[in-house]
Amino acid sequence: MASSSTQPVATADISILTPVMTLEGHEPWKFSTPDGEQYERKHVECISYFPDGKQMISGSGDKTIRRWDLRKGKEIEKDWKVYENVKAVEVSRDGRWVVIAGEKGIKVSEVETGIVRTFHGDDWFYCIDISADSTLLAGGSHRKVWIWNLDTGELVAGPFKIGDAYSAALRFSGDSRKLAVRPFGEEIYLEVWDVQTQKLGPGEIDAVLPRLTRP
């Protein structure tokens, strides 16, 4: 009878990241449960780098977005602004636009001029994405997704009707011809839309990502 032996399995070196700085500034905020109990939280909801890597912005449940100087490790006070329930922030790849999404729609700020425009100010928006060429903005709300031209503010496509809940995540393809959307819900799947035809791409949704049921 042949004998067998178990060889020890080599383990890869574990790399532990060490923070080079800690950015403090966001305040604690309170929220109430349906039964009326109040809790205090302090966390950052979303972040985005500027293209040069020297600055970043962050959004929190304290209803603020903050801009940081990463060379000094300090907040840039003059860029402190108030937004209702920030859910997503993003800086365009050319550094021209800063986009914030949350309870009061989407706010698009042109960095150089400081001009701010609001899209769908009466809707909740949960996720956003800016195309690789910095010309298009996609925003996901409850059961719908829109695409705008960042330069003109005009609606380019949509609304796409997705799922039975809100948009949990979305992303443009590299050539901006397609938009992938993940609706939030018990089933986990993706929808891939053709931006030009405003239709679901060829094949079934399940072929992109099998439907899974949350445990």
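Reader: Which residues line the largest cavity?

Author: This is a predicted model, and a search of the whole structure finds one cavity of 30 Å³ or more. The volume of the largest cavity is about 50 Å³. Its lining is made up of Tyr83, Glu84, Val86, Ile100, Ala101, Gly102, Glu103, Lys104, Gly105 and Lys107.

Reader: Which strand gives the largest share of the lining of the largest cavity?

Author: Strand E9 (97-102) and strand E10 (105-110) each supply at least two residues of that lining. The largest share is three residues, and it comes from E9.

Reader: How many residues in the lining of the largest cavity are charged?

Author: By class, this lining has four nonpolar and two polar residues. The charged residues in it number four.

Reader: Which residues are closest to the centre of the largest pocket?

Author: The largest pocket holds about 260 Å³ of space. It is lined by 15 residues, and those closest to its centre are Met21, Leu23, Ile47, Met56 and Trp68.

Reader: Which strand supplies the largest share of the lining of the largest pocket?

Author: At least two lining residues come from each of strand E3 (44-49) and strand E4 (55-60). By class, the lining has nine nonpolar, four polar and two charged residues. The largest share, three residues, comes from E3.

Reader: Is Cys127 buried or exposed?

Author: A residue counts as buried under 20% relative accessible area. The relative accessible area of Cys127 is 6%, so Cys127 is buried.

Reader: How many disulfides does a search of the whole structure find?

Author: A disulfide is a covalent bond between the sulfur atoms of two cysteines. In the whole structure, the number of disulfides found is zero.

Definitions and conventions. Residues numbered from 1 in each chain as written. Predicted model: local features only at pLDDT ≥ 70, side-chain atom pairs only at ≥ 80, totals over all residues. Heavy atoms only, no water. Disulfide = S-S within 2.5 Å. Buried < 20%, exposed > 50% of the residue type's maximum accessible area, 1.4 Å probe, protein only. 1 Å grid on protein atoms, 1.4 Å probe; cavity = no way out; pocket = protein on both sides within 12 Å on 5 of 7 lines; lining within 4 Å. Points joined across faces, edges and corners; volume = space filled by probe spheres on them. Helix = DSSP H or I, 4+ residues; strand = E, 2+ residues; numbered from the N terminus. Nonpolar A, V, L, I, M, F, W, Y, C, P; charged D, E, K, R; others polar.
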